[in-house]
Amino acid sequence: MYMALLNMQTCISEAMNSNKYSLGVFFDISNSKAFDAVNHSLLINNLELYGIQVFAKKWFIDYLTNLNQLVSIKEIMSSCMSIANGVPQGSILGPILFLLYLNDLGNVSDKLKLIMFADDINAFLSHTCNSLETLYNIVNSELEQIVQWLSINKLSLNPDKTNYILFRSSKKNK
């Protein structure tokens, strides 16, 4: 997380030092827990793209297949339910698999700088344009591509946890 915050601070500082506008959009993936939304078939396809071959691929398929969960509170247990999507939370592999699932999101936009930390994503655009309207139009166009990618990958944005901030130098005209 430290590196993500440092990267964000660097983006903002460089833009302000160059007398550019920098627009940061901060969003959270999925209206539910993002780790629970990972589609197993898409994840396995991503693993193949990263070079996971037959033996390891079978291991990951076994790892993700027939997952069950139950809840236990003070000796009272719920019934066991099958899990069709998601990666196990609280495991070492869960966050890694989630990041591999999201990894190519960074290729969606060549204009936005994406800083990802688990299911939190920060997108930045620094621009010399003199029109805020132009900046907003560029960012909105790029965000539409991100939303499309998320939809294809069976994820969504949580609009209640999405915000933006315009950063600018005090020397920059409004």
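**Close-up 1. Trp59, Phe60 and Tyr63 come together as one aromatic cluster.** This is a predicted model, where local features need pLDDT of at least 70 and side-chain atom pairs count only at pLDDT 80 or more, while totals for chains, interfaces and linings use all residues. Side-chain values use heavy atoms, with hydrogens and water left out, and residues are numbered from 1 along each chain as its sequence is written. For the rings here, a pair means that the centres of Phe, Tyr or Trp rings (for Trp, the six-membered ring) lie within 6.5 Å; planes under 30 degrees apart count as stacked, over 60 as edge-to-face and the rest as tilted. A search of the whole structure turns up five aromatic pairs.

**Close-up 2. Phenylalanine 35 and phenylalanine 98 make a stacked pair.** Their ring centres are 4.5 Å apart and the planes sit at 15°, so stacked it is. The two residues are 63 apart and link distant parts of the chain: phenylalanine 35 belongs to the loop between β1 (21-28) and α2 (40-49), phenylalanine 98 to helix α4 (residues 93-102). Helices (H or I, at least four residues) and strands (E, at least two) are DSSP runs, numbered from the N terminus. Phenylalanine 35 is buried at 16% relative accessible area, and phenylalanine 98 is buried too, at 0%. Buried means under 20% relative accessible area, exposed over 50%, and partly exposed in between (1.4 Å probe, protein chains only).

**Close-up 3. Tryptophan 59 and phenylalanine 60 meet edge-to-face.** Here the ring centres are 5.1 Å apart and the planes stand at 90°, so the pair counts as edge-to-face. Tryptophan 59 is partly exposed, with 43% relative accessible area, whereas phenylalanine 60 is buried at 11%.

**Close-up 4. Lysine 57 forms a salt bridge with glutamate 48.** The closest N and O atoms are 2.2 Å apart. A salt bridge needs a side-chain nitrogen of Lys or Arg within 4 Å of a carboxyl oxygen of Asp or Glu, and the structure holds two of them. Lysine 57 is partly exposed at 27% relative accessible area, and glutamate 48 is partly exposed at 35%.

**Close-up 5. Lysine 111 forms a salt bridge with glutamate 142.** The closest N and O atoms are 3.8 Å apart in this pair. Lysine 111 is partly exposed at 47% relative accessible area, but glutamate 142 is buried at 4%.
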